Amino acid sequence: MQGSLQSSSYKKLEQKSKYTNIFLRWFLYFVLILFASYFIFPLYVMIVTSLKTMEEIRQGTLLTWPSALNFESWGVAWGGRGYGAGDTYLKPYFWNSIKMVVPAVFFSTFIGAMAGYVLTKWRFKGDKWVFLFLLFGCFIPYQAILLPMARTLGVLGISNSVIGLVLVHTVYGIPFTTLFFRNFYVSIPSELVKAARIDGAGFFKIFFKILLPISTPIIVVTVIWQFTQIWNDFLFGSTFSFGEAAPIQVALNNMVLSSTSVKEYNVDMASAIIAGIPTLIVYVLAGKYFIRGLTSGAVKG
Amino acid sequence: MLKWLEKNLPKIVMAPAVGLIGWFVYGFVLWTLYISFTNSKILPKYELWGVGQYTKLWASRKWLIAVDNLLIFTALFLIFCVVIGIILAIFLDQKIRAEGLLRTIYLYPMALSFIVTGTAWKWILNPTLGIQKLFIDWGFENFTFDWLVNREMAIYTIVIAGVWQSAGFVMALFLAGLRSVEDEIVKAAKIDGASLFTVYWKILLPMMRPVFFTSFVILVHISIKSYDLIVALTQGGPGISTTMPALYMTQTAFHKSQVGLSAASAMMMFMAVAAVIIPYLYSELRRENAR
């Protein structure tokens, strides 16, 4: 008797916890989806706004679906309206950004790979201090170097040019790329290198034959990190360039702020998407490496 | 000669990195520090002038507003990012369906530039056609939402956009932290009758102290440096109500040509970052040495 009572109350308890579990589960999904819509909302608004006409924008709300897929404002954002003065559009600045990003990513990645290699496989006295010396460069607020940098670029004759921006981004990328490669190479057994040295392999041969072939993941992480940082930079771009040499983020900002005629929100949104799409594509295709860069180089944000 | 070269090759290869950082980071910071003690206007003067720029800076109403805004922004940005980040991380950690998709959605704003984010939010928060109109259309006829053009409230629009951009990052840090905890610990606690809530509140979250610390450092660092987002969203306005130190520095340097004063403001920012970063680097280094 007692036994059966116990078991039935136990069952009730189990039943109750089952219901709370189902409720909790629903609550869980509800909250997760609520936040997902908060994060998706601006992207949705950007896309639908870019596809509407100004008339539709004035009549509808942020969420209204466009009446037709109208890519006109994309064309205007990318290539302009075709009349001369005051017609700003993103195409030339998009290419400026490409011309700036490719060499800057290449040089900073290469220098960082070499530095990481030396710091872990050819250790010397005080190498820890050298690493710390470089690492600090990840954290400095760039305001503290803007003034001398502007003067230096002027002296070198490369202010307001893509070359100047390549130099700036290469230099201030080195602390991050060194950090990435150093942390990667530190986990690779030094015995490999030692054995190769005994066999008479030199400094560069060891790097290119032994380390480089296994470095693909960290190269991907570094390239994605540097690409995203440099593509998205605004501070250096807006301080050291203007007019025709400006990178895309600066051009986007100028376009949106220009108060020449009636505000065209559809063109603004199309421009913002064009400026954001390269990094977004990289994120969707290689999100895993993007997140690895974020969490291991977790400093700049 | 060749032997010397061979022996010192690693150091020679290391030299460009050290040289560039030495010159462009340390050299430049020292130059800025020096200039902050001079009376430089449009062009730098090298004659020492004392701490005049610093007294001028802290007497400037605009700078005080900038510092005030930075404190408000940092506090709210930190609280919201960490709370949202932790909630999302814990919820995602419950063997959720489509976890990968949700994670991708939470984190994609990190791939966008602050200019793109600012442009999008500026449109959404637009007082005539934006959110306000949406709510009015939904039947809330007296709904007003004019924070973007309201002196008192504009700073909070920057918080909204900033949190949107960075909360997913905190989520990723905490999720990685939670996943690195041994399953055994959680199992043992559950066998002892601990509820899921207790497991997280009493056991797992206290174990996340390093993650809290890292998030704190990164978020404070982002907020001290925040510049692009303000430029894109408010340009420091209405009036000067959303000025922040980074914006103050560039405006003073490049629009007002007060080189000495802007150098002083840059050094204040530098010191604020150093106060957060040096303890962080120290603890990271100690952890690595202990390993």
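This is a predicted model: local features need pLDDT of at least 70, side-chain atom pairs count only at pLDDT 80 or more; totals for chains, interfaces and linings use all residues.
Local features need pLDDT of at least 70 and side-chain atom pairs pLDDT 80 or more, while totals for chains, interfaces and linings use all residues. Residues are numbered from 1 along each chain as its sequence is written, and chains are lettered from A in the order in which they are written.

**Exercise 1.** State how many helices and strands chain A has.

*Solution.* Count them. Chain A has 14 helices and zero strands.

**Exercise 2.** Compare the radius of gyration of chain A with that of a compact globule of 301 residues.

*Solution.* Take the radius over C-alpha atoms; the globule rule is 2.2 Å times the number of residues to the power 0.38. The rule puts a compact globule near 19 Å, but chain A has 27 Å. Next, check the box. The C-alpha atoms fill roughly 90 × 70 × 35 Å along the principal axes.

**Exercise 3.** Describe the contact of chain B with chain A.

*Solution.* Residues are in contact if their C-beta atoms, placed from the backbone, lie within 7 Å. Chain B gives 78 residues and chain A gives 68. On the side of chain B, helix α1 (residues 2–35) supplies the largest share, 17 residues. Now sort that side by class. It holds 61 nonpolar, twelve polar and five charged residues. Here Ala, Val, Leu, Ile, Met, Phe, Trp, Tyr, Cys and Pro count as nonpolar, Asp, Glu, Lys and Arg as charged, and the others, Gly among them, as polar.

How values were computed:
Two residues are in contact if their C-beta atoms, placed from the backbone, lie within 7 Å. Helices (H or I, at least four residues) and strands (E, at least two) are DSSP runs, numbered from the N terminus.
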